[in-house]
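Reader: I have a model open and would like to go through its side-chain contacts. Can you take me through them?

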Amino acid sequence: MLEAIGLDERDEAVYDALIRRTQATTAELAGDCHLTAQATSRSLRSLVDLGLASPVPGRPVAYAAVPPDSGLEAVLRERERALNGVRSQLSSLMAIYRAGSRFAHPGELVEVISGRDEVNRNWVQMQRASRTQVRGFDCPPYAAAAGHSQPNGIELELLERGVKYRVLYDSSVLELPGWLEDVTTGIRLGEQARIATGLPTKLAISDDRIAMLPLLRPGDDTVTASYVIHPSPLLDALVALFEAMWERSVQIRPAASLTDEGGPEGLSQDEEKVLTLLASGATDKAAGRALVWSERTVQRHITKLMRRFGAQTRFQLAMEATRRGWL
């Protein structure tokens, strides 16, 4: 358990025996741990160096255990200071790395991986290695049997850990049944989601460190393969492309009761979903497909909402819903 602070299994056994005795000689601890005197002495030196034990004057030499709460806490604080020092050097080291990688080994800057399992494995690894944020373009087609993007379990874990997810969805997802519920799950836990029309490809970017995008255009699934882009001007261009499209996109803001237990007073759940899709830019046809309704049913709900709140246009309806805090 204490390997993380530099103690191996033998050191930990000696430390445990010393704590039980509070004070003991090398011979006593060697007997307790079934170790040689030489091995026990080495472990005791490690404990003294870490501040977990201290020698006691006298003959034979004995050692006293430092109280674990203060001793271990001091070791942990020192480890944290060391790690913070490493973190503070990351930016400068990455700048040096990027500068060198732009010119050295150009064939290693773009990697091609093939096979569904290999692509999925790299996608999982890339997410788990993220420290600050994951950015991505999300557009059909999807491999999932349900025909729409499935909740990303790793994303939910990383959101809880503080990693930011910014996902730009192609407007074609608005026509997929179940999509609204799926994206709402992520938004509830912290995902930032927006809608744009005509995304050129799927794309995932981990921090400013690595990116993945399909080898083929959307819709051509004869081969499952992806590019992996390492630090390079190409990666910088993909980051810039994402940010430019993000700025021109429409934020997805689910109605309040889709994310909280207590929803807007006077609205049914169906009306809340219609408002969310309307604010996201869905057409009547797209909203109908998403909700598994006819186009006429969607229009009827929108007309009813416009009359109820005195809106002359759909834009006014969306503005009124926003003013009331429903979107």
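This is a predicted model: local features need pLDDT of at least 70, side-chain atom pairs count only at pLDDT 80 or more; totals for chains, interfaces and linings use all residues.

Reader: Fine. How many salt bridges are in the whole structure?

Author: The search finds seven. A salt bridge here is a side-chain nitrogen of Lys or Arg within 4 Å of a carboxyl oxygen of Asp or Glu.

Reader: What does Asp16 pair with?

Author: Asp16 meets Arg20 in a salt bridge, at 2.8 Å from N to O. The two are four residues apart in helix α1 (residues 9-21), which separates them by about one helical turn. Helices are DSSP runs of H or I with at least four residues, strands are runs of E with at least two, and both are numbered from the N terminus.

Reader: Why does a spacing of three or four matter in a helix?

Author: An α-helix has 3.6 residues a turn, so residues three or four places apart point the same way.

Reader: Is Arg20 buried or exposed?

Author: Arg20 is exposed, with a relative accessible area of 66%, and Asp16 is partly exposed at 37%. Buried means under 20% relative accessible area, exposed means over 50%, and partly exposed is in between (1.4 Å probe, protein chains only).

Reader: What about Arg121, which residue does it bridge to?

Author: Arg121 bridges to Glu118, and their closest N and O atoms are 2.5 Å apart. Both lie in helix α5 (residues 116-128), three residues apart, about one turn of the helix. Arg121 is partly exposed at 38% relative accessibility, and Glu118 is partly exposed at 29%.

Reader: Which residue forms a salt bridge with Glu243?

Author: That is Arg135, with the closest N and O atoms 2.8 Å apart. This pair links distant parts of the chain, as Glu243 is in helix α8 (residues 233-247) and Arg135 is in strand β5 (residues 133-138), 108 residues apart. Glu243 is partly exposed at 24% relative accessibility, whereas Arg135 is buried at 3%. Salt bridges that share partners join Arg135, Arg166, Asp208 and Glu243 into one network.

Reader: On to rings. How many aromatic pairs are there?

Author: Two. Rings of Phe, Tyr and Trp (its six-membered ring) pair if their centres lie within 6.5 Å; planes under 30 degrees apart count as stacked, over 60 as edge-to-face and the rest as tilted. Phe137 and Phe242 have ring centres 5.7 Å apart and planes at 25°, so they are stacked. Phe137 is in strand β5 and Phe242 in helix α8, 105 residues apart, and both are buried. Phe242 and Trp246 are also stacked, with centres 5.6 Å apart and planes at 25°. Phe137, Phe242 and Trp246 form one aromatic cluster.

Reader: What lies over the face of Trp246?

Author: Arg166 does, at 5.2 Å from the ring centre. The rule asks for NZ of Lys or CZ of Arg within 6 Å of the ring centre and within 35 degrees of the ring normal.

Reader: Last one. Which residues of helix α7 are buried?

Author: In α7 (residues 179-189), the buried residues are Trp179, Leu180, Asp182, Val183, Thr184, Gly186 and Ile187. Gly190 follows the helix, and its phi is positive, near 125°.

Definitions and conventions:
Residues are numbered from 1 along each chain as its sequence is written. Side-chain values use heavy atoms; hydrogens and water are left out.
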